[in-house]
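Please look over the model below before reading my points. They start at the ligand and then move to the backbone.

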Amino acid sequence: MQSTRIFALCNNKGGVTKTTTTINLGYGLARAGRRVLLVDTDAQSNTTYSLLGNLEQEPTLFDVLINGTKLADAIVETGEPNLHLVPSSINLSAADLLMASAPGRERKLMRALTPIKENYDYILIDTPPNLGVLTVNAFIACTDVIIPIALTTYALIGISILESTMQELRDNLDVELPIFGVVANLDDHTRLSNNVLGAVRDHFGSLVFDTVIPRNIKVEEAHNQIACIFDYAPMSTGAQAYTKLVKEVLHRAEGI
Ligand SMILES: Nc1ncnc2c1ncn2[C@@H]1O[C@H](COP(=O)(O)OP(=O)(O)OP(=O)(O)O)[C@@H](O)[C@H]1O
Ligand SMILES: [Mg+2]
């Protein structure tokens, strides 16, 4: 097996399915027999809640980044074999402030992951909808970036900010930061969706996965029910699309 792939799922725009993509790729890769760790870096803690059904974990990523807790001590099992989680908590919303003057603040997550990363085949980092210190930590810790994009109006407007931030980090912090793929999401099969998809493909070319995730209420319901889409609604268009996406990810990452 090759070394661990660490994907940062990033897009500074809110509500573009960073969390949904993280969770469903996580389940899918785990069910494909890979050892998967999800890291929730968003103070909204949506990934944490959708997997555990509560926000009562201690310690959390906050303790790892701010109090020096070992990341291994913050890892929790989920209901899914092969799928582990480093939970988030609301106090992570103060991380930008608390980490502002911490030495090496951009590399804290990378350093925390180093001792345990070989225990996993894939580590997926869900990020908040901004380009603050937590997203920068995800960029520095990752081997590759996955960009989820919602096929709605303004989809590409914030992307230039994301791309210039990534370029700044490449230039200044000696990271490669390759884009592994772009996942087009929330396809309504409307003319608007089609036009936006065309613009996304023009911009990112072959980086865009062939699989386009449709807007499908079962996807949202599954998270609301703390369930895996592949169990909750296996025949849904959402589950089928995520199954195809997982295959594409495995093909790109492992050549299978
Ligand atoms: N394929 C889908 N069909 C229908 N609803 C979806 C789909 N994917 C995601 N959603 C819903 O869209 C909303 C936004 O998705 P999500 O929370 O994953 O975005 P996000 O980028 O993580 O948001 P934030 O920026 O707030 O972290 C959620 O309510 C989610 O359940
Ligand atoms: Mg989210």
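**Notes on the predicted model**

1. Helix H1 gives the shell around ligand 1 its largest share, 3 residues. H1 spans 18-31, and H10 spans 217-224; each of these helices supplies at least two shell residues. Helices (H or I, at least four residues) and strands (E, at least two) are DSSP runs numbered from the N terminus. This is a predicted model: local features need pLDDT of at least 70, side-chain atom pairs count only at pLDDT 80 or more, and totals for chains, interfaces and linings use all residues. Residues are numbered from 1 along each chain as its sequence is written, chains are lettered from A and ligands numbered from 1 in the order written, and side-chain values use heavy atoms, without hydrogens and water.

2. Which residues come nearest to ligand 1? Of the 17 around ligand 1, they are Lys18, Thr19, Thr20, Asn216 and Glu220. A residue is near if one of its heavy atoms lies within 4 Å. By class, the shell has 6 nonpolar, 7 polar and 4 charged residues. Ala, Val, Leu, Ile, Met, Phe, Trp, Tyr, Cys and Pro count as nonpolar, Asp, Glu, Lys and Arg as charged, and the others, Gly among them, as polar.

3. A backbone N or O atom of Val16 is 3.0 Å from one. For a backbone N or O atom of Thr17 the distance is 2.9 Å. Thr19 uses a side-chain N or O atom, at 2.8 Å. The protein covers 84% of the 630 Å² of accessible area that ligand 1 has on its own (Shrake-Rupley method, 1.4 Å probe).

4. Check the loops too. Glu58 and Pro59 are joined by a cis peptide bond, with omega about -5°. Pro59 is in the loop between helix H2 (46-52) and helix H3 (61-66).

5. Ser45 has a positive phi, near 60°, and is not glycine. Ser45 lies in the loop between strand S2 (36-40) and H2.

Terms used
A polar contact is a pair of N or O atoms within 3.5 Å; within protein, one must be able to donate a hydrogen and the other to accept it, and residues adjacent in sequence count only if both atoms are side-chain atoms.
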